[in-house]
Amino acid sequence: MLGLNDPTSRLVVQQTSPPRFPKELDLTATVIICTRNRPAFLRKCLEGVAALHPGADVVLVIDNTQGDRETEAIARHFSARYIVEPNTGLSHARNRGLAESESDIVAYLDDDAIPDPNWLRFLLAPFEDANVAVATGRILTPESDCSKKEPPRYLSNKDSHWFEIAAFGGLGLGSNMALRRAACNGWTAFDERLGRGAPFQIAEENYAFASLLSLGYKAAYLPAAIVLHPSLHRRSIEQEARDSFVYWLLLFSEFPARRLDLLRFLFHRLRRRRLEWPRDSQNSEDIISSGWRVQLKAGLSALLLFLRTKKPKRK
């Protein structure tokens, strides 16, 4: 149970005025929940998914273990398809869910997230535009300022700073996102070197966002598409710094056309220059203020990790 980390009451306060609902679209949607050894959290998540209005056409539970009877039983109790993905790593699980889906839109939830009943309605709304391939929503934790008003945000590769916004946390997070499935055909949406359980434990969703925008698609952030999430667990500043640097190296390798942007971004951040766009995570501010010894050690460790990590074969 979420217990003290459950910010449900705050959500009720935030939505005292009736929201303006977008029209329902003629699009099919699959909700994908990637899980690993957390059946109690999964049950809460699926209870929230069962209360969605409108509901998903299909719900997939991707079990990122060798298989677990309790997890399977919970998934089947809520009429969700249960799929085992034995290759460890959140990106493996996310990609498996995408491959198993046949819907127009695939929406992702963390197994410890609980969606607002209108979450899917708001998250699907931007896909009325055929050029939109990414939509994300707001994540409320016990630390969130629920009185804060946020406007919707839209982004394409015609906008200033689009690459750093997409790649470095200006478009929301993977615990509340949806992708247009057709836009992900023919390539691996989530790089399997990235994400929890991977060599680089960071930013698999941001990498996917940047990739889709580089292909010419658009993205949208919808603050009305709300999920509740427990307090986020932080790792050591040394680990977070290493993963941030190795992620930068991966981007530098995989997006050669954006190398000047990446160098400029790194230079500005190390000089502690403020970002010109809103960011959904403040972790990097701690890294920037950690001091040159931490940053130098993290940079060297990141370089060694990057060099010894093999690039996954294209599927």
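Reply: This is a predicted model. In it, helix H8 passes helix H9 in a left-handed crossing. The contact involves Phe245, Trp248, Leu251, Phe252 and Ser253 on the H8 side, and Arg259, Leu262, Leu263 and Leu266 on the H9 side.

Me: At what angle do the axes of H8 and H9 cross?

Reply: Two packed helices are described by the angle between their axes and the distance between the axes. Here the axes of H8 (residues 237-254) and H9 (residues 259-270) cross at roughly 155 degrees and come within 9 Å. Angles over 145 degrees count as roughly antiparallel, and H8 and H9 are therefore roughly antiparallel to each other.

Me: Which residues of helix H3 are buried?

Reply: An α-helix has 3.6 residues a turn, so residues three or four places apart point the same way. In H3 (residues 69-77), the buried residues are Thr71, Ile74 and Ala75. They cover an arc of only 100 degrees around the axis, which puts them on the same side of H3. The face turned away from that buried side carries the exposed residues Arg69 and His77. Among the elements covering the buried residues of H3 are strand S1 (29-35) and helix H2 (39-50).

Me: What caps the N-terminal end of H3?

Reply: Asp68 does, with a side-chain oxygen 3.3 Å from the backbone nitrogen of Glu70. After H3 comes Ser79, whose phi is positive, near 60 degrees.

Me: How many residues of helix H4 are buried?

Reply: Eight of the eleven residues of H4 (residues 90-100) are buried, so H4 is largely enclosed by the rest of the structure. The partners of these buried residues include strand S8 (176-180) and helix H7 (204-214).

Conventions
Residues are numbered from 1 along each chain as its sequence is written. This is a predicted model: local features need pLDDT of at least 70, side-chain atom pairs count only at pLDDT 80 or more; totals for chains, interfaces and linings use all residues. Side-chain values use heavy atoms; hydrogens and water are left out. Buried means under 20% relative accessible area, exposed over 50%, partly exposed in between (1.4 Å probe, protein chains only). Helices (H or I, at least four residues) and strands (E, at least two) are DSSP runs, numbered from the N terminus. The arc is that of the directions from the helix axis to the C-beta atoms. Contact means heavy atoms within 4.5 Å. A polar contact is a pair of N or O atoms within 3.5 Å; within protein, one must be able to donate a hydrogen and the other to accept it, and residues adjacent in sequence count only if both atoms are side-chain atoms. Axes are lines fitted to C-alpha atoms, for helices over the stretch in contact, and angles run from 0 to 180 degrees between N-to-C directions. Angles under 35 degrees count as roughly parallel, over 145 as roughly antiparallel, 65 to 115 as roughly perpendicular and the rest as oblique. A crossing is left-handed if the near helix is turned anticlockwise from the far one by less than a right angle, and right-handed if clockwise.
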